[in-house]
Amino acid sequence: MDGKAEPETIESCTQTPEDTEEDSFTCNICGKLFTSRKNLIQHKLIHSDSKSYQCDVCGKKFTRSSLTRHKRIHTRKKLNHCDICGENFFTNASLSSHKRIHTGEKPYHCEICDKYFSRKGNLSTHKLIHAKEKPYHCNVCSKSFFNSRSLIAHKRVHSGEKPYHCDSCDKKFPTRGHLSYHIRSHTGERPYRCDICGKTFPVSGSLSYHKYIHTGERPYHCDVCGEKFTRKSSLNRHKHIHTGVRPYKCETCGKAFSRNSDLSCHKLVHTGEKPYHCDICGKNFSQNSNLTSHKRIHTEEEPYQCDKCDETFSSSDGLSSHKHVHKKERPHQCDICGERFSRCTELSSHKHIHSGERPYRCDICSKTFSKRCHLSSHIRVHTEEKL
């Protein structure tokens with residue numbers, strides 16, 4: 001022997017695939033997460049200066065015995081087959097974990113709030129919410145996170161790093177999760193199904209938010225006006241109404257917006273681009289969300305219901321605006337004359353009085369109007385003439 005024994009922890013931590021359920025093991029050097037202790041120990045050899053053996057296929061480093069086992073990954077076949085979607089996996093444990101996507105099984109239970117999870121690692125991360133611990137801090141902007149994985153992903157905002165690459169279209173992403181979600185745009189896979197209405201989704205988060213439509217649950221609450229939301233991001237955007245913050249500015253006309261998505265949509269006004277096409281009536285839209293809402297005209301679907309009067313709406317924005325009627329709230333104020341409105345669209349229409357803008361044009365006689373409803377009333381003049 002040369003006196004340099006292989007790290008005993010490699011062998012002592014070797015587990016069968018069935019033993020390596022989804023506990024998360026974190027590298028204390030780079031913060032990378034692993035599903036087994038064995039994989040973490042092997043990974044640490046990358047940081048170590050000790051003698052190690054490198055795989056000539058993928059470049060990963062291992063001890064001699066571990067390298068031999070690792071090479072089977074490149075030569076062996078994925079023999080564990082999902083009989084629902086056809087995807088294949090190396091281990092039975094990976095297949096079992098995958099199948100929970102189809103079955104909806106969530107065996108890991110939080111005893112504090114009764115929430116359930118499909119992975120043990122996700123439960124561990126969730127529990128930090130109750131402990132109110134955010135031990136991982138960004139050294140650039142001081143933002144804090146519950147786990148190292150979120151911190152690593154966040155740091156790529158500052159660095160611009162996008163290490164995950166799509167083999168189909170060469171697009172790059174900052175996290176593996178974003179890449180996995182994107183790949184489904186090529187495959188069309190939507191593995192998460194609502195057990196109430198049957199609608200399917202490409203990611204579990206979208207399914208979770210969708211279910212709020214059926215339950216009426218709105219867990220995020222504005223501490224200024226009391227309005228409730230299904231998403232935290234929607235609450236954060238809503239708060240701009242109270243603060244008046246509009247951080248996103250159009251470089252072409254200088255108009256400012258409270259949401260980056262609103263700015264992106266506004267820019268299409270300058271380009272005239274309407275990339276979203278209704279395959280029923282041929283109408284085009286600048287936003288996919290507008291197309292989705294528009295299609296409900298054809299299907300007569302109104303999935304959003306008011307819990308005060310049972311009135312239904314085709315869009316969540318329509319429901320949110322309607323709720324101001326019950327609260328007698330007028331949160332949207334004109335910065336020129338001070339008049340207040342319950343709906344953002346009413347404020348936008350009102351501002352045409354001050355600007356003199358008449359953006360709605362009749363295709364028949366070219367007459368212009370400041371409000372869409374006035375145009376709709378006017379069009380009847382032409383249609384009645386034809387009767």
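1. The protein exposes about 26000 Å², of which carbon and sulfur atoms supply 48%; accessible areas follow the Shrake-Rupley method with a 1.4 Å probe, and for residues only the protein chains shown count as cover. The model is a predicted one, in which local features need pLDDT of at least 70 and side-chain atom pairs count only at pLDDT 80 or more, while totals for chains, interfaces and linings use all residues. Residues are numbered from 1 along each chain as its sequence is written, and side-chain values use heavy atoms, with hydrogens and water left out.

2. The secondary structure comprises 14 helices and 26 strands, these being DSSP runs numbered from the N terminus (helices: H or I, at least four residues; strands: E, at least two). Of the 387 residues, 26% count as buried; buried means under 20% relative accessible area, exposed over 50%, and partly exposed in between (1.4 Å probe, protein chains only). Among contacts (heavy atoms within 4.5 Å) with a separation of 6 or more, 13% are between residues 24 or more positions apart.

3. There is 1 aromatic pair. The rings of Tyr209 and Tyr212 have centres 6.2 Å apart and planes at 55 degrees, so the pair is tilted. Rings of Phe, Tyr and Trp (its six-membered ring) pair if their centres lie within 6.5 Å, with planes under 30 degrees apart counted as stacked, over 60 as edge-to-face and the rest as tilted. Tyr209 and Tyr212 are 3 residues apart in helix α8 (residues 204–215), so about one helical turn separates them. Tyr209 is partly exposed at 29%, whereas Tyr212 is buried at 18%.

4. The structure holds 7 salt bridges, each defined as a side-chain nitrogen of Lys or Arg within 4 Å of a carboxyl oxygen of Asp or Glu. One of them joins Asp279 and Lys295, with the closest N and O atoms 3.8 Å apart. This pair links distant parts of the chain, 16 residues apart: Asp279 lies in the loop between β19 (276–277) and β20 (284–285), and Lys295 in helix α11 (residues 288–299). Asp279 is exposed at 61%; Lys295 is partly exposed at 30%.

5. A salt bridge also connects Glu301 and Arg296 (3.9 Å, N to O). Glu301 is partly exposed, with a relative accessible area of 40%, but Arg296 is buried at 10%.

6. Helix α13 (residues 344–355) contains His352, which is buried at 12% relative accessible area. Not counting residues up to four places away in sequence, His352 touches Glu357, Pro359, Tyr360 and Ser370.
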